[in-house]
Amino acid sequence: MQQSASDITLDMQALHKEVLRNSVLNSTLPNSLLGGQPAQDVIQRGHYTPLSVCAFKHNFDEVKRGDWETLEDVMSREFPPGSEGRRVVLHGGIGMGKTTAVEKIIWDWTSGTRLQHYTLLLRVCVEELSTLGEKTDSLCSLLIRTHSHLSPESLVLALQRPQSLLLLLDGLKRFPNLLSAPPPTSSFICDVQHQATGTVLLYSLLHGSLLPDVSMLVTSTESINLKSLRSFEILGFSKTQRRMFFQQFFGDGSQAERFFWHSEQALGVYEQYFCPAFCWTLCSVFKTQFESKETLPETLTHLFSIITNMLLQKQKMNVEQSRELVSGLSRLAFIKSTKSEVISCGLLSFLHSPVLPAFLCINGDVTSPDTTFSFLSPVMQEFLMAASFYINQSDVLKEALEERTDLYYTFLAGLSDSAQRKPIEDSVGSFNESRISEFSQWLVGTASAVLPGFDKKQHYRVLRLLLHTRNSSLVKESISKCPWRHRSYSDMQESDCTALSYVVSCVGELEHMNLYGAYLTDEQAERLLPALRLSKSIGLSQSRLSLGAITHLATALAKGRATELDLSYARLEHGAVKIICDSLTNSTLQSLMFRVCSLTAADCEALAGMLSGGSKLRVLDLFGNDLLDQGLIQLSSVLGNCTLHEINLDRCSLTHASMSALSSALTSGYSKLKTLNLSRNAVTDDGMDCISKALQTAQCQLNTLNVFDCQLTGSCCSSLAAALQSEHSSLTELELSVNELGQSGMLICEALKAPNCMLEKLGMARCELTVEMFRELESVLTSGMSRLVSLTVGLNAVGDTGAKHMWGALRHKNCKLQHLDLEMLSLTDACVEELCESVAASSTLSTLSLKINGLTDSSVPQLVKLMQDHPIMSNLNLQYNDFSEDVFELMETCPKIRY
């Protein structure tokens with residue numbers, strides 16, 4: 001009786017699972033220090049640690065690039081029961097655990113724990129596809145040869161139900177000839193019995209023309225850019241997975257944790273040990289060093305110095321042999337070398353030595369000319385290249401230091417330190433001192449060229465190299481020889497934070513730490529702590545900080561040298577303000593900016609506690625926070641018990657209701673406040689009256705008051721005028737712009753003539769001033785009583801007629817104006833002649849703004865001549881007038897004109 005496909009596949013399955021299971025257990029992959037732990041050891045001992053992956057492209061509905069997932073979760077989602085034709089590629093570098101992951105998938109399937117909806121998991125031998133070359137074969141024949149334990153008839157029947165199969169293609173990129181020249185789609189085949197070249201067979205499978213319903217898992221060292229493939233990048237181990245790996249490796253929980261934290265702090269290791277093979281190497285070295293009571297590696301360079309010494313000492317090689325091996329290995333090609341290339345690099349005498357497989361993966365018999373050689377660890381290759389620089393003096397210095405990988409330069413820097421290079425020197429002898437000196441001078445020169453520039457990535461690179469030298473004298477020399485441009489270091493990695501802190505610690509201080517736009521994690525802030533403590537000014541505007549990062553910042557503020565902190569527009573989590581405020585009780589901070597940080601009235605309790613608790617703060621900027629009256633009342637309660645000299649409350653959602661409390665604070669006799677900004681709040685006339693009463697008292701020490709756009713009207717001018725001319729008036733700057741003062745502004749003008757009026761700067765732009773007001777201002781400026789040196793009266797519709805009074809004032813000997821702003825007064829060319837005569841007659845005016853008026857090309861020659869002939873005039877602003885391009889060239893001849 002003829003068997004059905006399902007009957008045959010059930011019979012096949014038990015045998016096939018047993019064979020696959022044995023293939024995992026009997027894997028011939030060698031156990032090597034650099035190559036990673038063999039898959040069968042990992043799986044048999046139950047030590048498999050899940051890998052993290054992320055989607056490589058944006059074309060997935062379920063997951064976006066950058067989201068970390070475990071490989072197991074991805075496999076469950078991408079290959080669910082009932083799915084057909086799923087094609088997934090996992091790509092990652094050497095040692096990232098691709099092969100072990102595939103073996104674990106096979107093991108789980110044979111054990112009945114995963115992917116049980118697939119009847120068969122079949123390996124497609126990529127090496128066989130590669131060796132076909134121009135020869136042809138069918139997929140069916142290839143699978144029959146690979147799976148000799150299955151009868152051809154059974155396998156053919158299985159291929160008739162492709163939706164029940166999962167094909168595994170491991171290590172695709174190891175055979176670049178298969179992917180280097182994609183065949184035309186017209187050559188693709190769709191029948192498993194049809195013969196084709198290995199390349200055509202492969203692309204027919206990947207594109208889905210061959211077995212379109214079959215599921216497929218591909219692994220590769222690099223991504224494969226085909227629309228038919230859903231691509232995932234293997235990221236290796238997350239921090240949690242690394243800790244799990246250490247626990248499984250050492251068994252002893254406390255010992256594993258101690259080694260884990262040591263590795264987390266080891267310089268340069270953090271950037272590498274997401275790689276599973278590297279973790280295996282690291283743990284193996286830790287175990288050996290610990291058992292022999294030797295020093296644990298402190299840096300990446302020290303680690304590879306130890307490893308190289310261990311591998312060389314194991315073979316009992318003398319110094320000359322060791323130098324010859326290191327020099328030869330350093331010259332090998334990065335990816336793959338042929339036997340002839342190995343011999344040309346001076347490694348003939350080592351071909352049959354067991355030392356070569358300790359460093360290289362040898363594919364084939366060393367006696368065969370077709371055998372290829374590749375490094376077990378790309379990191380070791382870079383290390384040996386750097387070591388060779390210090391051993392082989394025949395290398396041309398310029399070529400040895402030409403553009404190479406960052407890892408190569410990292411090892412050059414590390415090996416310049418005697419402590420880090422000592423283990424390898426025990427095997428290869430002392431490094432050449434002149435080469436060490438040459439590298440140091442190269443690094444100083446590189447720092448001098450890079451740090452004054454704008455390229456942040458190059459800044460990070462130089463800082464990391466200085467860190468790896470562990471040479472404070474070299475750091476000081478490098479930094480002292482150039483002006484360090486403190487760019488916004490907003491995109492630093494953890495290693496960059498460590499490097500910056502080390503360099504700043506060596507130098508002793510940092511004028512300004514610029515972290516504009518940074519997103520600081522807890523780990524990054526912790527690594528930055530030494531640099532933050534030594535920074536005089538810290539800029540974190542538009543940054544995003546976790547609560548953990550805020551805690552580290554607070555520690556730096558409490559114990560550091562910072563006098564200025566800018567957190568403007570920063571995204572702060574709940575509780576961040578209190579943490580910062582609590583740290584400032586005894587700190588050196590004098591200026592704190594919380595502009596637009598979403599602070600509320602609730603945060604004012606922490607601010608008030610800080611101000612009254614011993615803080616040395618003199619400047620507090622709270623612009624753009626919804627503090628409300630409740631918040632200001634809370635702050636006002638401590639203004640008489642703090643060191644604050646300046647507070648910015650611009651746009652803080654305040655009303656007149658909180659002005660009484662503020663006025664009381666100003667008149668308490670203890671307030672040191674000199675500058676008060678209430679702009680863009682609903683102060684109104686009632687609130688202004690409260691402030692004006694405070695200004696008339698001897699206790700109020702305000703010098704500067706800004707009430708720009710505070711919904712004031714002429715009704716407040718009487719009390720304000722009284723304040724300006726009172727015997728206790730100390731106000732020197734007053735900003736009243738964008739308030740509807742109208743004709744009542746005359747009261748302000750009259751106050752300016754009073755002998756007690758100290759006002760030097762006055763802003764009354766867009767205050768609905770009239771020509772009569774301008775006439776009165778002329779009277780004030782020429783009276784000999786006014787102290788005004790700066791006057792802003794733009795955006796008042798008085799035209800040439802009103803401006804005429806300003807020209808008259810400028811000509812008068814009593815006028816002390818240095819700055820005059822007449823923006824948007826509707827001025828015309830008719831006023832220019834008198835304007836020029838008046839400015840020329842002034843002995844004090846240095847800046848004049850005529851922005852957004854109706855001046856045309858005909859006025860330009862007179863204005864240019866005015867600026868050229870009168871050196872006291874430093875700036876004339878003519879922007880947004882009615883000029884044509886014809887006069888731009890003329891105005892460019894006078895750099896003091898802005899147009």
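## Strand pairing and confidence

In this predicted model, β3 pairs with strand β9 (residues 230-236) in the parallel sense, over four bridges. Within that pairing, R230 of β9 is the bridge partner of V88. β3 also pairs in the parallel sense with strand β8 (residues 215-220), here over five bridges, and the bridge partner of L90 in β8 is T219.

Strand β3 itself, covering residues 87-91, is mostly covered, with five of its five residues buried. In a regular strand the side chains alternate between the two faces of the sheet.

Elsewhere, three strands form an open sheet with parallel pairing, in the order β14-β16-β18. β14 (519-520) and β18 (571-572) are at the edges with a single partner strand each, so one side of each is left without a neighbour in the sheet. Strand β16 (residues 544-545) pairs with β18 in the parallel sense over two bridges, and L545 stands opposite L572 in β18.

| Strand | Partner | Bridges |
|---|---|---|
| β3 | β8 (residues 215-220) | five bridges |
| β3 | β9 (residues 230-236) | four bridges |
| β16 (residues 544-545) | β18 | two bridges |

As for confidence, the protein has a mean pLDDT of 91, and 96% of its residues reach 70 or more. Over residues 58-65, however, the pLDDT is below 50, and this stretch has 17 contacts in the model beyond near neighbours in sequence. Over residues 1-5 the pLDDT stays under 50 as well, and the model has four contacts for them beyond four places in sequence.

Key. Residues are numbered from 1 along each chain as its sequence is written. This is a predicted model: local features need pLDDT of at least 70, side-chain atom pairs count only at pLDDT 80 or more; totals for chains, interfaces and linings use all residues. Side-chain values use heavy atoms; hydrogens and water are left out. Two strands pair if DSSP finds at least two bridges between them. pLDDT is the predictor's confidence in each residue, from 0 to 100. Contact means heavy atoms within 4.5 Å. Buried means under 20% relative accessible area, exposed over 50%, partly exposed in between (1.4 Å probe, protein chains only).
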